[in-house]
Amino acid sequence: MLETRAEARLYNEIGLADIPAHVAVALFVFDGENPSMLAGNEWFWNHSREYGVRDLRQMNQALHTANHPLRVRFLQHRRKVELLGRPQTMTFAEHERYFRVTLSRLAADHHLAIYQAQFHNVTMERQYDAKVRRFDTIMRNLCLMYQNVFFLNLQQDTCEVLVGTHSWLAPDRDIHAGIHDFLTAYARRMVYPTDRSRFLAYASVKSFRQTLLAEGRMSKSSCFRIRRQDGNYDWMRFDAVRIYISEQSILLCVQPMILEQMPGALDCLKWIADSYGLFADAKLSEGWRRDAMLWRSYSVQDKACVFWKDCGRRFLGANAAFLDFFGFKDVSEIVGRTDHELGLHILDSAFGLSEKQVIGEGRPQYRQLVECLAKGVPHVIRSDQYPFYEKGKISGLIGRFQELDESFDDYREAIRDQETGFVNYRGMLMAGIEFIDNYLQHGEDFTAVYFCVPAIDAAVRMYGQAFRRELLQRLAAEFRQGIVPGSVVAHIGSGRFLCFHKLIHEQRLRDRILRLTNAVHNIRNVNGCPCTFYLQYAVGYGSETKSIEGLLQLLVTRAEAARKDHLGESIYIGDRIAFDREKFDHMDERVYMCDPETYDLVYINQAVVRDFHLPEDFSCAGKKCYEVIVGGREPCEFCTNHLLRRDSFYTWTYHNTLSGIDYLLRDTLVPWRGKNYRFSMAINLNEYLARDIESNELLYREASINDALSIALSEENPDKGLQKMLWKIGSELNAERISIFELEDDTGFADNTYEWCRAGVEPKKAMMQHIPLVPCYLYDGFRAQHIVKIPDYEKFLAENPGVERYLPDICRFIAVPLKLSDKIIGHLQIVNPKQDLFQASSYLMMTLSRFIAIMIRNRDAVRELEHMGLRDQMTGLMNRRALSNYFDELPKGISCAFIFGDVNGLKRMNDEHGHEAGDQLIKTVAGIMLKAQREAGGGHVFRMGGDEFLMIVEDIDEMRTASLVQTMRESFAAHHVSVALGSLVLLTPILDMDAVITKVDREMYKDKGHRHR
């Protein structure tokens, strides 16, 4: 799937995170429903099997399986991180080892969040010894609850009796071969006769494999009557639980049902049965009816606002006081929707957090102060919320709130406009600042609309203040009728209004604006004074600026431009449609407009006239769309009017029997004359297919292209994934060569990093390195038209003599830029694709370029993780794990110097001057050794531990090594640093790295002993 801009920004933020190199680190993404693992560093994958992880596919399969322990643990841990707003740590056991996991959030955008998990093996830590013993004791005591515990190994087909209290299950027979035979014998001896067939169906190996292994469920439970020692039978509960000692291990636990051992079990059963509606006890049912009656009476008559929601925080209902407070006409307007979808708060997080605590933890919330939006005005309310239960589980919450008492009257009066009842200029600024802050903190955009009635001041001067007061009341009433729930409306003087509203209801808001402009224009008489008004308005978005001052300035500027263009009046002048009519008159596509309510036809273009053989002077006046388009006498049965919206197109195909043509139609609604009209554009499919049959061949290859993406994305190694994608696309397009070029950082050069060639075509990747961009015409072409297509390369060279031929045997080629965050990072080019696919390949190349750019970004992220895993963070030197890789790559037959250094006095420095001074000492030693190594020749310096370093210098003899050691000692002395040094010179290959380190370590200790004598 192509990632969005928001996702791209989110993934780019990950690159700024500080990821430790010496710790197992994994990155996870949570989309609001499912967690997925993105990547892990080298340390993580080196130790992944210790955590029970084989590969990325197995990890994500577990995270996507409902009730899987790994998914459950992750979601619980993530929830704590979000609730508390800081990293959280937990401990888990796997394969007889204990691990501590620290989870923290790296970045978030709306419903997408990225998390970093650090894994530490704490099996050997002393503080966990007591915890292990205590855990073992608890588990042994828990086993006393069970009458029997069987360990079933499906792979080995054995049953081990872990706990057994019946004489038939003697201790000397604890392991039995053949699970089926054992359970069959158990059923024959222990299970009540009428329960045996049901028991054998439940306890079959096939049933366990299907339910617990194939379907991924964690447990399978049932109840059977089991024989006691005295020959009687008791109801027992059987729980088959999948455990993770191996992939095919199951624990079968047997314990008495609680009701069997509980006094008053019969009465309890009645209560349970009644709660599930199995039968109605007269006394219980009377109680339920009484409770229902009391609840209805309470919710209807309580003057406070009462509401109730499900576990998804969607409204189930509300009382009349609630609906009246927010201005809803009927409860159907809120049922099934959340506060956010209704726009009831500027800032959703505070109210949402308290509701999550009620539903997620069952914790009632009392006297919560919350700000909400009702009838265009912000209100401060005091709210109580508590959970309600159904069948013993939380099913939702009940809330009750009231507006604050008269102690807040001064505050309310300070922000309220006395003439209209909306907020005043001060209240507008306060609300605008909250909307802006919410956008900056949470990325939730909003709409701001500035309304102005320009003629009001002149009319007031003519008719007086009584006219003004009455007009303002009329305008306020119209605005109040047009308010979208969740709006803040402010009257800022002289007939000017400002409305803030969240972007989620932008479509509804725009519909209300059209109705409002029509309503204002229909005000023809105020207090007996004739008048005509036009409503000017300007729309802005919070994302267009970062301050309320900037947003207000933007709105005023746009309103002034609208006033100069008389935009508020244009909708009422003549028959002018809101688009350039002449442009549509001569289009090849068929275009018509009609009223979706009355079916009156208002416009058709010349293409429609030709298709239906209408006269050239045809007039739409008095004609219905179904009369002209289909020749019918009543609306079409297949009419799509009910499916149309203003924010999208509805696309469908239709064979018109009147014209005999197959059409592809795209329908939408457009504003005109203050209401919505149907706008339809149709393409003659016969003409389209005949004209574009060659280019459409590429559409039939979409499955192959999807295969290419699937192949590439399934590879854990991004380099292999990119190479396989080039192979698949090159093969499908029958091209000679496909190449990826990447720009060098700010150097003006590009490198050919990936190449695929058809069999028999000579690779050119090696010679296509460090290509200068200045004579390369491609990047100038990218800036002008986003894609470079050259169908005849020889003709192109002849027309552009300044262009260099940088590849031989080119007949034609296509190149597209690779972009990340609108920045070009390289380009993708295909040489000599199949001639009949050339023109149609451009769309494909543009699509693939986006995926390839993302894969390159992911490749760089993996490389950075690997690089950080081989570096010591404090000094920047290579670490001990990098040493192993370096040893394997040393060329054979050269003389190498191994110089081991140990810093003297580091502990004393830490104790006397603090760890910052100790860190500075380590950095100083690292800098001196690195400088000396680079001056001596090829090699590296490695930090082996806290105060130990190893320098390896290639192609150096013993005399130069001794001189190098002396130079370092002098440099250490000049910096007042004491370091013990030992050195060896050996010839490669070196078979035993540890032996070399041991020898040079001894040489270092000789020097350390000499210096301390």
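How accessible is Glu1003: buried, exposed or partly exposed? Glu1003 counts as partly exposed, with 27% relative accessibility (buried means under 20% relative accessible area, exposed over 50%, and partly exposed in between, using a 1.4 Å probe and protein chains only). Keep in mind that this is a predicted model, where local features need pLDDT of at least 70, side-chain atom pairs count only at pLDDT 80 or more, and totals for chains, interfaces and linings use all residues. Residues are numbered from 1 along each chain as its sequence is written, and side-chain values use heavy atoms, with hydrogens and water left out.

**Salt bridges**

- The structure holds 24 salt bridges (a side-chain nitrogen of Lys or Arg within 4 Å of a carboxyl oxygen of Asp or Glu).
- Glu1003 has a salt-bridge partner in Lys1006, with 3.3 Å between the closest N and O atoms.
- Both of these residues belong to helix H34 (residues 993–1012), where they sit 3 residues apart, about one turn of the helix (helices, H or I with at least four residues, and strands, E with at least two, are DSSP runs numbered from the N terminus).
- Helix H32 (residues 915–936) carries both Glu935 and Lys931, 4 residues apart, about one turn of the helix.
- The side chains of Glu935 and Lys931 form a salt bridge at 2.7 Å, N to O, and both residues are exposed.
- Arg859 and Asp860 also pair up through their side chains, in a salt bridge of 2.8 Å, N to O.
- In that pair, Arg859 is buried, with a relative accessible area of 4%, whereas Asp860 is partly exposed at 37% relative accessibility.

**The sheet**

- An open sheet is built from 6 strands, in the order S8-S7-S6-S11-S10-S9, with antiparallel pairing (two strands pair if DSSP finds at least two bridges between them).
- At its edges are strand S8 (175–177) and strand S9 (219–227), each of which pairs on one side only.
- On average, neighbouring strands of this sheet are turned by 20° against each other, direction ignored (axes are lines fitted to C-alpha atoms, for helices over the stretch in contact, and angles run from 0 to 180 degrees between N-to-C directions).
- Strand S10 (residues 233–243) and strand S11 (residues 249–256) run antiparallel and are joined by 8 bridges.
- Arg237 stands opposite Gln255 in S11.
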